[in-house]
Amino acid sequence: MGRRRATVDHVLGELRRRDFLHPDVRVVCQRLSQDRGRPLHLIPLPLRTSISGAWLGMPDADHIVYQSVGSSALHQIHVIWHEIGHMLLPGHARTCDVDPATRDVLMKVLNALVPNLSPAVLSRILGRGGFTDDQEVEAEVFAGAAVRVLGELAPTSGHRNLTAAEAQIVDALARELC
Amino acid sequence: MLTVALVATVVVAAVALMLRLRMLVRVTVDRRPGHVLALGFTAWFLAVPLEIESFAVGVDNWAGWALTWPLLHVIACAGGFFTQTFFWLATTDPLQRTKVAALVRRSAVIGVSALAVGLILFATRPRDVDFLSGPAGRMASPGPVHPLAALSYLVIVSYFAYTIASFTSASWRWAAKADLPWLRRGLRIHTVGCVLGLVFCVHVAGYQLAEAVGITPPWVELEADGALVALSLLPAFVGVTAPVWGPCIEGFARAARHYRHRRRLYPLWRQLTGSTVTLDPPRSEWHDRLRLRPGQQHALVYRRVIELWDGLLALHPTMSGEVGLDGPDLAEDIDWWLGIARAVRSRPLDDVLAAYQGQL
């Protein structure tokens with residue numbers, strides 16, 4: 001668990017260092033997309049499958065499909081971060097981890113979005129449906145840690161009704177007195 | 001009673017000093033203001049015991065002369081000077097450091113001069129009853145004090161009041177501006193202490209002047225001074241350390257709330273996650289109950305909520321109610337699930353979910 005946590009913290013630290021973290025996960029996806037040089041699409045869908053989200057890796061784009069009904073914004077964001085975890089965590093290199101029925105459902109979904117898509121071009125498909133192996137657990141730990149970090153970021157990212165100099169002094173006072 | 005209040009002030013001062021020293025170890029960027037405030041805290045911590053009559057008498061007996069009087073006033077003025085310097089350093093634009101240095105130099109010169117005058121006056125009458133054990137000594141011979149003794153009090157207390165007025169103003173101003181809750185609350189409490197410190201100075205000066213013109217106030221100066229010292233220093237220390245302890249208390253309260261919510265959601269979690277794989281699940285209800293570490297509570301209740309949603313979607317994949325990605329709120333999710341948990345006590349889970357679906 002400690003090593004897994006260290007990996008997760010390292011990846012999150014890198015995201016923070018490179019200023020990729022943002023309370024809005026859509027902004028994070030935009031930044032990741034620019035960095036990876038390929039589009040990253042978020043696709044909300046009423047998934048009626050055994051999974052609540054999936055990362056569909058294609059040769060020229062990534063798609064993150066997530067459950068859009070029957071849960072909350074928090075859960076959806078958690079699911080998206082889980083899939084981002086698969087994209088960023090080292091060693092998450094499996095090509096497919098979903099059952100054939102789910103894969104068929106996802107292919108139908110993708111075909112609706114990208115007509116005439118051949119299953120052969122789908123290079124990677126990882127779904128969030130259970131935490132039975134190390135990669136799933138690691139992605140889940142990553143998602144929880146990311147949402148927590150963003151929760152910590154949120155209060156200070158709001159508008160401050162102070163001038164830059166005043167904000168600097170308030171922060172310095174807080175730093176000195178803490 | 002007064003002694004108890006002063007002893008309590010010494011204890012609070014000691015805790016504040018410890019927090020300050022801990023901060024000095026932790027902060028590695030620009031330690032100068034932190035060092036200065038630590039010196040201020042040390043001075044206040046050393047000054048308060050000298051206000052306790054029995055302690056002051058003990059020191060004087062040990063020294064064989066009225067050592068308490070000069071010692072107390074030098075230490076108190078140093079406390080005022082260092083606290084004043086801290087607020088100047090911490091609340092001035094770093095580009096104006098030259099101006100701050102000039103202010104600090106001026107205050108130091110005034111302080112040293114005031115102390116020099118006060119101590120010279122003291123040296124002319126070191127055995128004067130007014131200097132023996134401070135105001136307590138005066139109780140031995142009530143009535144007007146010797147003019148030199150009164151003047152020495154006035155000179156030193158004037159400087160002391162000047163330093164307090166200076167950081168009261170800074171504390172008040174930045175309490176109004178601070179947008180960090182515990183910094184704002186702390187500075188407000190600190191300001192209250194500072195204002196009472198000013199009242200102390202006014203009282204000391206007023207008492208001397210009243211006695212000089214032949215009016216003896218109908219209360220004992222020692223008791224009023226001691227009470228004001230305790231009343232000013234307690235909120236001052238409590239306030240200035242609030243950014244340290246405030247978030248801790250808030251964190252404990254939040255952890256307790258999260259623990260309570262997680263426990264209330266346990267039966268529902270058991271019902272909903274029977275068929276799904278969970279992450280690091282509790283081995284038993286007692287195991288769940290005994291996960292007590294405050295630092296873990298947020299992660300545990302967050303995990304419980306996510307697993308409740310996972311369980312719900314696994315058991316009822318046809319749930320409706322579309323939501324967007326805006327405004328994720330753990331507290332809102334917890335409330336929603338607590339509502340479900342309450343309703344499930346009297347109705348079957350499926351009925352409750354059917355009634356609730358799409359409402360979040």
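Predicted model: local features only at pLDDT ≥ 70, side-chain atom pairs only at ≥ 80, totals over all residues.
Biologist: Which elements of chain B have the lowest and the highest mean pLDDT?
Modeller: The term pLDDT is the predictor's confidence in each residue, from 0 to 100. Chain B has a mean pLDDT of 86, and 91% of its residues reach 70 or more. Helices (H or I, at least four residues) and strands (E, at least two) are DSSP runs, numbered from the N terminus. Among the elements of chain B, the lowest mean, 64, belongs to helix 6 (residues 135-138) of chain B, and the highest, 93, to helix 10 (residues 242-272) of chain B.

Biologist: What ipTM does the predictor give the complex?
Modeller: Two scores are given for the complex. The pTM is 0.75, and the ipTM is 0.84.

Biologist: In what order do the elements of chain A run from the N terminus on?
Modeller: Chain A has six helices and four strands. From the N terminus on, the order is α-α-β-β-β-α-α-β-α-α.

Biologist: How do strand 1 and strand 3 of chain A run, parallel or antiparallel?
Modeller: Two strands pair if DSSP finds at least two bridges between them. Six bridges join strand 2 (residues 53-58) of chain A to strand 3 (residues 61-67) of chain A, and these two run antiparallel; a hairpin through two residues joins them. Six bridges also join strand 1 (residues 40-45) of chain A to strand 3 of chain A. Strand 1 and strand 3 of chain A run parallel.

Biologist: Which residue in strand 3 of chain A is the bridge partner of A:L56?
Modeller: In strand 3 of chain A, A:D62 is the bridge partner of A:G57. A:H41 stands opposite A:H63 in that strand. The bridge partner of A:L56 is A:H63.

Biologist: How many of the seven residues of strand 3 of chain A are buried?
Modeller: A residue is buried if 20 or more other C-beta atoms lie within 10 Å of its own, exposed if 12 or fewer, and partly exposed in between, with C-beta atoms placed from the backbone. Of the 178 residues of chain A, 35% count as buried. Strand 3 of chain A is mostly covered, and its buried residues number six.

Biologist: Why is A:D19 classed as exposed?
Modeller: A:D19 is found in the loop between helix 1 (2-17) and helix 2 of chain A. Its phi is near 60 degrees, a positive value in a residue other than glycine. A:D19 is exposed because the number of other C-beta atoms within 10 Å is 8.

Biologist: With which residues is B:A224 in contact, leaving aside neighbours within four places in sequence?
Modeller: Two residues are in contact if their C-beta atoms, placed from the backbone, lie within 7 Å. B:A224 lies in helix 9 of chain B and is partly exposed, with 18 other C-beta atoms within 10 Å. B:A224 and B:H203 are 21 residues apart in sequence and 8.2 Å apart in space, C-alpha to C-alpha. Leaving aside those neighbours, the contacts of B:A224 are B:H203 and B:W219.

Biologist: Which helix gives the largest share of the side of chain A that touches chain B?
Modeller: The contact takes 37 residues from chain A and 47 residues from chain B. The largest share of the side of chain A, 10 residues, comes from helix 6 of chain A.

Biologist: How far apart do the C-alpha centres of the two domains of chain B lie?
Modeller: Domain bounds come from an automatic or database domain assignment. Chain B is divided into domain 1 (2-240) and domain 2 (249-356). Their C-alpha centres lie apart by 53 Å.

Technical notes: Residues numbered from 1 in each chain as written. Chains lettered and ligands numbered in written order.
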